[in-house]
Amino acid sequence: MMTVFSGYVIEKRLVPSSTSFVIVPLVSIILALLVGAVFLVLSGHNFWEVYKVMFAGAFGSIYGITETIVKAIPLTITGLGVALAFRMQLWNIGGEGQLYMGAFAATWVALNFSDAEEWWVLPLMITLGMLAGGLWALVPAIPRAIWGVNEIITTLMLNYVAIFWVDYLVYGPWKDPNGYNFPLTAPFSPAAILPVLGHSRIHAGLFFGLFIALLFYIIIYHTRWGYEIRVCGESPDAARYAGININKNILLVMFVSGAVCGLAGMAEVSGIAHRLQHGLSTGYGYTAIIIAWLSRLHPFVIIVVAFLFGALQVGGYIVQTSGIPSSMVAMLQGLLLFFVLGGELLTNYRIARKTPAYSSGDDAS
Amino acid sequence: MSNKSWRLISVFILVLLISLAAAGCGGGGIDENKNEVEKLKVGFVYIGSVKDGGWSQAHDEGRQYLEKELPYVDASDYVENVPESPGDAERVITQLAEQGNKIIFTTSFGYMDPTINVAKNYPDVTFLHCSGYKTAENVGAYFGRMYQARYLSGLVAGKATVSNIIGYVAAMPIPEVIRGINAFTLGVKKVNPEAKVKVVWTNTWIDPSAAKRAAEALLDAGADVITQHQDSPAPQQAAQAAGKLGIGYNSDMSKAAPKAVMTSPIWNWGPYYVETVKAIKEGTWDSTPKCASLTYWGGLEDGVVGLAPFGPMVPDEVKQLVEQEKQRIISGAWDVFTGPIKDQKGEVRIADGKRMTDEEMLNMNWFVEGVEGTIPAPK
Amino acid sequence: MTAPYLVELKNITKRFPGVVANDGVDFNVRKGEIHVLLGENGSGKSTLMSVLAGLYRPDKGEIVVDGTRRVFRSPRDAIKAGIGMIHQHFKLIDSLTVAENVILGDDSTPPVLRLQDIQRKLEELSKKYGLHINPSSMVWQLSLGEKQRVEIVKMLYRGSRVLVLDEPTAVLTPQETHELFHILREMAKAGRGIVLITHKMQEVMEIADRVTVLRRGKVVATLTREQINRRELAWLMVGRDVVIQYKKKGSPGNKKVLEVDNVHCLSDLGRPCLKGVSFTVHSGEIFGIAGVAGNGQRELAEVITGLRPVTGGKIMIDGIDTTGLSPRQIIDRRVAYVPDDRLGTGLVPGLSAVDNFMLKSYRQSVLRRGPLLNKRAAYQNSRELVKQFEIQISSLDAPVKLMSGGNLQRLLLAREITSEPLLLVAVYPIRGLDIKATQSVHNILLQQRDKGVAILLISEDLDELFKLSDRIGVIYDGRITGIMPAEMTDVEEVGLLMMGSAGTGEMAT
């Protein structure tokens with residue numbers, strides 16, 4: 001417990017009140033917009049116009065909505081991936097790297113079987129992409145399981161390794177021979193490209209996201225394995241007591257978590273980029289962490305929150321055309337995050353009058 | 001608690017009042033716009049910030065020039081800091097088209113495929129992509145012969161170096177950058193056959209800290225003049241901090257490092273943008289590639305590229321030499337890549353008196369003699 | 001004006017919901033003395049010292065320091081008044097140096113640090129009392145004994161004249177204990193007052209100038225050094241009215257369900273913990289383990305249930321060697337376990353009652369439907385158990401952390417018993433429960449015994465042990481120091497054994 005100022009303390013709520021789930025984020029967003037409005041007005045902008053354009057950019061047209069969905073696809077998939085690990089209190093910060101490794105393996109298939117106009121190219125890309133992401137996540141999972149090595153640091157560091165590995169490939173061995181030396185692989189053949197929805201850029205990755213959300217929901221709440229994951233996450237001591245093999249679950253959960261992030265990478269190269277390139281992801285694996293957290297790790301909520309984050313990014317660029325510098329947009333996005341995360345704290349904690357003595361005997365600090 | 005919450009509430013009320021007042025003022029502005037005559041809307045997409053002091057700023061200065069010169073143009077729609085990631089670029093370009101822009105300039109190589117993709121859906125919009133090699137009915141590819149200005153700056157550097165090691169902080173091993181390095185080296189070697197140009201890749205256009213580290217590594221390796229192909233003045237600042245000299249790029253970088261910068265090869269897009277927009281409006285423009293794969297590839301003669309004013313440390317003798325060479329290029333009598341030119345292995349790649357074609361220059365993927373560095377090659 | 005006492009607690013009363021932890025307690029510390037506070041777990045020692053250290057505010061009574069009445073609003077006030085508390089769990093930051101730890105949280109530290117001055121002062125203090133501490137070493141490099149000395153020097157640095165040490169020897173090796181006592185004597189000689197909380201007889205005899213014995217929140221006696229005698233102390237500490245034993249149906253069976261043979265294991269800190277424990281529990285028998293907390297009870301239970309590796313010896317359950325088997329394999333051998341950490345080990349705090357009911361049975365076919373869990377069966381099972389065991393519950397879906405202690409224990413027992421165990425290991429099953437809840441837990445245990453289950457009951461409550469047990473074994477310092485049929489022994493004998501004093505033969509009266 002920490003003291004804020006004399007007489008009051010911030011206490012953890014035993015059970016967050018149910019209404020706060022909806023009200024607190026809403027109030028947080030309104031507060032962020034209000035504070036943002038002050039900054040916009042101070043820098044001589046019409047905040048109402050800015051918000052209108054931002055909203056219209058993301059939701060105001062069919063195109064805006066489809067693009068928001070396009071942006072939400074990798075966010076949903078990686079969000080689901082890291083959320084599974086978070087369930088077990090495995091802090092997989094490596095979604096970004098696992099995404100890149102998935103993209104790498106999928107590209108390997110696409111480049112090596114570029115002549116094969118066969119039905120099996122895409123399934124093979126999916127399989128190998130997931131396998132690569134999963135194995136990449138196992139690298140930090142093994143030392144975590146055996147020696148208790150902190151996975152936050154190892155997963156984070158492996159992100160850089162994966163990104164630099166892909167950079168090495170696109171700048172070197174995998175560079176498109178017809179690409180004027182630019183850091184891009186050759187474009188994929190049609191057999192290696194995910195089908196899209198109508199004339200939009202929404203690709204089959206959307207269904208990956210929806211399917212995995214449903215699958216995870218069933219696994220977590222309705223299967224024995226999911227039950228084990230929940231017990232391990234809530235209380236490792238109880239898990240050990242119940243005879244649950246924690247190490248096995250660490251490996252399994254990290255593998256699946258990484259595999260799902262790898263699938264996001266596969267979907268991004270095959271559905272959007274149609275080739276591997278430098279800067280494939282704009283930090284999806286990191287944004288996924290915030291999304292998972294805000295969604296309280298619930299698979300269906302992740303879809304919704306990822307969509308909202310997609311909207312925030314889509315709306316963010318378009319609002320520049322009303323004369324808002326991109327730094328201002330970044331500030332607005334930052335404010336929204338700051339307030340929503342701050343509000344999150346409020347749902348779990350409350351301010352209470354300090355009692356003269358704590359009633360629990362063992363916490364004497 | 002009550003005290004605190006009152007303070008909080010009063011702040012909210014204040015914020016609300018300010019916001020409402022501002023909304024009132026803004027409302028009038030929107031109506032005025034609607035009453036104006038329909039203007040020709042021109043949009044721009046930038047990889048960096050319009051204040052980056054480099055590549056994107058140079059394009060944005062061109063945009064401002066365009067707005068000033070052609071009163072019927074509304075070029076207020078520009079989007080900065082757009083990543084080259086496939087997800088974002090394509091959407092931003094589409095949204096510019098959706099907002100009624102009839103001409104859209106996309107100013108980074110990575111926007112090439114997205115531009116082509118979007119152009120298919122908007123046949124009545126003209127797209128102009130800078131630095132790529134793909135064109136279409138309504139997509140033009142434009143660029144400037146920066147290598148000419150690079151060559152001139154090489155003359156300055158070659159005269160200035162004492163250690164005979166010149167450092168070059170390069171972005172990515174693509175033909176544009178390689179061509180610049182080669183042209184610069186040819187300039188250096190013309191006045192100083194002993195000098196070497198060391199190249200370090202940063203693999204990024206905009207990362208001032210990476211650029212600074214690369215420059216410091218080159219300074220450690222004995223370089224006493226630092227030049228660069230980056231979107232920030234960080235390498236010149238590193239040179240100034242080490243008491244060494246430098247040559248900028250993109251725009252006049254003497255403000256960022258006045259003691260170091262001797263000159264900078266710079267872009268001047270304004271006149272080209274004005275000419276192009278006029279031609280499109282009048283229907284005289286077409287996208288046919290005229291210089292190899294490019295619709296437009298202007299050089300010193302058009303003023304699209306040039307040198308920024310010299311710093312006080314540059315002797316008059318050098319200034320005269322630069323002017324002389326510049327006139328030689330403008331006259332068309334000679335161009336930078338005219339043989340004999342040897343590659344790093346000492347083999348003659350361009351025979352005596354032969355001029356490289358535009359096609360060859362746009363595909364350049366080898367270093368001339370005098371460059372120390374490697375180009376990663378596909379397998 | 002000089003007061004006779006450095007500090008004086010007068011008529012202190014402190015109530016917690018349902019318990020009076022201190023009831024009109026008088027306690028004082030003289031200049032230059034070592035005053036031992038003796039008592040069983042739950043006798044109110046820690047509460048009393050927390051009052052003295054400013055952690056709790058007493059409901060009644062006053063604190064007098066140097067003849068002046070004081071009110072402590074926080075530990076800070078107590079430290080300012082010269083009272084320093086050294087807890088069992090050190091409050092040090094590993095990544096900082098000793099000196100940095102010492103000034104941490106000290107109000108008198110100037111905003112601009114002069115570490116050399118502080119280090120010099122610490123060196124002086126260290127030399128004066130023979131603490132052997134290097135102020136610039138990093139805390140993570142120190143042994144437990146050294147860390148404890150850092151806590152001491154921290155209090156000395158802050159000007160504490162009264163030092164309270166809460167079971168300081170629990171984590172120390174014999175050598176370290178010896179050194180610590182030497183330091184304490186030096187400090188007393190220098191005019192400081194020392195309060196030592198312990199329940200080891202040996203330590204009382206070795207170091208105490210005076211002893212105050214607490215029992216059930218009240219002072220039963222304060223004795224001077226000359227008045228101290230082992231038997232007297234043991235009786236004062238545990239002595240009470242004769243306990244009424246529950247009626248036993250029949251006698252234990254002859255089937256050996258649990259055989260523990262010369263078992264060794266290590267503590268969490270990697271020190272030898274169990275040092276050769278042997279006993280047997282038969283079917284239909286309650287075998288009670290008495291002992292002061294921290295003598296290896298928890299570890300014993302963990303060794304039997306497979307949660308802690310055995311470093312020597314053998315464990316047989318139902319005639320089969322289970323040494324080194326996994327917890328899951330032991331669960332499958334029909335061993336039920338009620339751990340001391342009810343909420344966190346025995347139950348998952350954040351999960352619902354339904355989820356907690358199936359913690360051990362979720363793998364069984366009843367709760368399976370293909371790859372999925374049969375939620376309907378789980379709910380039905382939960383509803384039945386809630387009814388059968390009279391568990392008060394607002395919703396089967398609410399996290400169990402919201403439930404009261406008694407209900408939690410019934411939930412836990414209900415789950416463990418429905419597995420129809422051969423052996424039930426119960427550790428401190430009534431800790432923190434009120435009388436009614438205690439009764440219902442005891443009834444459940446007796447029913448199980450009558451059904452033929454072998455029960456290993458580990459408890460610190462002698463009343464409970466005498467009421468329920470068929471035989472009682474006493475554990476002290478990782479060894480069983482005596483095993484006796486419950487009706488052939490008395491609390492006095494068990495109490496002495498618990499404090500590590502003398503063998504049974506010598507004590508027989």
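Where in chain B is the place of P340(B)? This proline sits in the loop between α10 (316-330) and β13 (341-342) of chain B. The bond that joins G339(B) to P340(B) is a cis peptide bond, with omega at about 5°. The model is a predicted one, so what follows describes a prediction.

Chain B has 379 residues, and 52% of them count as buried. If we look at contacts in chain B with a separation of 6 or more, 64% come from residues 24 or more positions apart. As for confidence, the mean pLDDT of chain B is 87, and 89% of its residues reach 70 or more. One stretch needs some care: over residues 19-35 of chain B the pLDDT is below 50, and beyond near neighbours in sequence this stretch has 13 contacts in the model.

Next comes the way the chains meet. Two pairs of chains touch, and the pair with the most contacts is A and B. Here 36 residues of chain A are in contact with 40 residues of chain B. On the chain A side, the elements giving two or more residues are α1 (20-42), α2 (47-59), α3 (62-87), α6 (151-171), α10 and α12 (299-318). Sorted by class, that side of chain A has 20 nonpolar, 11 polar and five charged residues. Chain B and chain C, on the other hand, do not touch, and their nearest C-alpha atoms are 21 Å apart.

Chain A itself has 13 helices and three strands. Of its 365 residues, 49% count as buried. Among the contacts in chain A with a separation of 6 or more, residues 24 or more positions apart account for 78%. The chain is divided into domain 1 (17-45 + 325-351) and domain 2 (65-323), and the centres of these two domains of chain A, taken over C-alpha atoms, are separated by 28 Å. Seven residues from domain 1 of chain A and six residues from domain 2 of chain A make up their contact. The domain 1 side has four nonpolar, two polar and one charged residues.

Inside chain A, one helix pair is worth a look. The axes of α8 (residues 224-234) and α10 (residues 246-273) of chain A come within 11 Å and cross at roughly 110°. Angles of 65 to 115 degrees count as roughly perpendicular, so α8(A) and α10(A) are roughly perpendicular to each other. Where they meet, α8(A) brings E228(A), I229(A) and C232(A), while α10(A) brings I246(A), N249(A) and V253(A). By class, this contact has four nonpolar, one polar and one charged residues.

Q89(A), in the loop between α3 and α4 (95-112) of chain A, has a positive phi near 55° even though it is a residue other than glycine. Q89(A) has 13 C-beta neighbours inside 10 Å, so it counts as partly exposed. N11(C) is not a glycine either, and its phi is positive at about 55°. This asparagine is found in strand β1 (residues 5-16) of chain C. With 13 other C-beta atoms within 10 Å, N11(C) is partly exposed.

Chain C, finally, is divided into domain 1 (5-238), domain 2 (264-334 + 421-509) and domain 3 (346-420). The C-alpha centres of domain 1 and domain 3 of chain C lie 44 Å apart.

Notes. Residues numbered from 1 in each chain as written. Chains lettered and ligands numbered in written order. Predicted model: local features only at pLDDT ≥ 70, side-chain atom pairs only at ≥ 80, totals over all residues. Domains from an automatic or database assignment. Axes fitted to C-alpha atoms, helices over the stretch in contact; angles between N-to-C directions. Helix = DSSP H or I, 4+ residues; strand = E, 2+ residues; numbered from the N terminus. Parallel < 35°, antiparallel > 145°, perpendicular 65-115°, else oblique. Nonpolar A, V, L, I, M, F, W, Y, C, P; charged D, E, K, R; others polar. Buried ≥ 20, exposed ≤ 12 C-beta atoms within 10 Å, placed from the backbone. pLDDT = per-residue confidence, 0-100.
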